[in-house]
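Student: Could we go through this model together? I would like to start with the strands and then move on to the charged side chains.

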Amino acid sequence: MTAEPTPRPSRRPTRFVALLAAVALALVTVPVAAASAAAPAGDPAYLRPAHLVPELGAMDVRLAPFADEGEGVAAEDRPLLETTAAYGAVGEYGAMPPGRYAVTLRPAGAPVSDPPLLSLTVDLEAGQAYTAAGLGSKDDPRLELLEDDLTPPGDGQSRVRLLAASAAAPVVDVEAVDGPVLGTDVALGTPTSYESAPVGPWTVRATGDGADGTTDLVLDSGSVYTLLVLDGDGDDLVVRPVVDAVGAGTTPQGGAATGFGGTAGEGRTPWWIGAGVLLVLGTVALAAGAVVRSRPWARSTARHVAG
């Protein structure tokens, strides 16, 4: 008895599986491309926190995007940036997409479910640097968004502004010993405008309401500073320089950091992309199996092997 020739497998199922795989790849690529197109483009905004309310304890500072701008609801369960800050602390700038956010202050360790001590809605613009600062007094604190002007100073110069945050002296005068006057009648929690200042070592004196203090500091060429007037020991005042920008002044100091100690949600693959990949690949596998079982060449080969 002559053995039946083994039928040659058809290549059409293989081509069909390849076609399904191409469709799957297209379906997966479309959401990824759409997600890339929806990603924020252009320059980020920069924001840093500051706790400048004298006699107020450590505070938790949180920045969260708005979950529903129409209702003004902030998604504090998924903060973009957060930290705990003591009086006099100024954090580094964190880069984030421009948009609308809520900044809240609570006593350190307080649960997010507790009402915030202070809250503020902010609109951050691309390329702009800001300080979200707790200002004022313990009895009358406020949360304010300060626009930081990081325009580069002239050659051989620095730029400085003053920000008084002392309970001992609600109004202060600040001058360089044997040098220029930096500010007079500077009120608590009200920043001055940035002004050019000579570079080099300085001895700065702050006075007000019987309190005074001197501080040695060095201003570098091309840098931008905020000079904080803070409470020291007793009736002493302390002038603390905070570097806003270094060098050309175009990039905020600390701008490359992720933020206040929290983590940003950028760069993560959306869950629906992963689920879509698994669903499409599973469909391809099932369809390929069904095609293979249904083809005559498969049944014929099975009979030949059995017989």
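Student: How many bridges join strand β1 to strand β8?

Tutor: Six bridges join β1, residues 45-51, to β8, residues 129-136, and the two strands run parallel. Strands here are DSSP runs of E with at least two residues, and helices are runs of H or I with at least four, both numbered from the N terminus; two strands count as paired if DSSP finds at least two bridges between them. Before we go on, this is a predicted model, in which local features need pLDDT of at least 70 and side-chain atom pairs count only at pLDDT 80 or more, while totals for chains, interfaces and linings use all residues. Residues are numbered from 1 along each chain as its sequence is written, and side-chain values use heavy atoms, with hydrogens and water left out.

Student: Which residues of β8 stand opposite Arg48 and Pro49?

Tutor: The bridge partner of Arg48 in β8 is Thr131, and Pro49 stands opposite Ala132.

Student: And in what sense do β1 and β5 pair?

Tutor: That pairing is antiparallel and runs over three bridges, with Tyr46 standing opposite Ala95 of β5.

Student: What is the strand order of the sheet, then?

Tutor: The order is β5-β1-β8-β9 in an open sheet of four strands with mixed pairing. The edges are taken by β5 (94-96) and β9 (141-148), each of which has a single partner strand, so one side of each is left without a neighbour in the sheet. From one strand to the next the twist averages 30 degrees, where axes are lines fitted to C-alpha atoms and angles between N-to-C directions run from 0 to 180 degrees.

Student: Is β1 buried or exposed?

Tutor: Seven of the seven residues of β1 are buried, so this strand is largely enclosed by the rest of the structure. Buried means under 20% relative accessible area, exposed means over 50%, and partly exposed lies in between, with a 1.4 Å probe and protein chains only. Ala45, Leu47, Pro49 and His51 point one way from β1, whereas Tyr46, Arg48 and Ala50 point the other way.

Student: Switching topic: how many salt bridges are there?

Tutor: The structure holds seven, a salt bridge being a side-chain nitrogen of Lys or Arg within 4 Å of a carboxyl oxygen of Asp or Glu. One of them joins Arg48 and Asp148, whose closest N and O atoms are 3.8 Å apart. This pair links distant parts of the chain, with Arg48 in β1 and Asp148 in β9, 100 residues apart.

Student: Which other salt bridge does Arg48 make?

Tutor: Arg48 also meets the side chain of Asp244, at 2.7 Å from N to O. Asp244 lies in β17 (residues 237-245) and Arg48 in β1, so the pair ties together parts that are 196 residues apart in sequence. Asp244 counts as buried at 0% relative accessibility, and Arg48 is buried with a relative accessible area of 3%.

Student: What about Asp148 and Arg161?

Tutor: They form a salt bridge as well, with the closest N and O atoms 2.8 Å apart. Arg161 lies in β10 (residues 157-165) and Asp148 in β9, so this pair ties together parts that are 13 residues apart in sequence. Salt bridges that share partners join Arg48, Asp148, Arg161 and Asp244 into one network, and both Arg161 and Asp148 are buried.

Student: Last one: how many helices and strands does the chain have?

Tutor: The chain has three helices and 17 strands, and buried residues make up 35% of its 307 residues.
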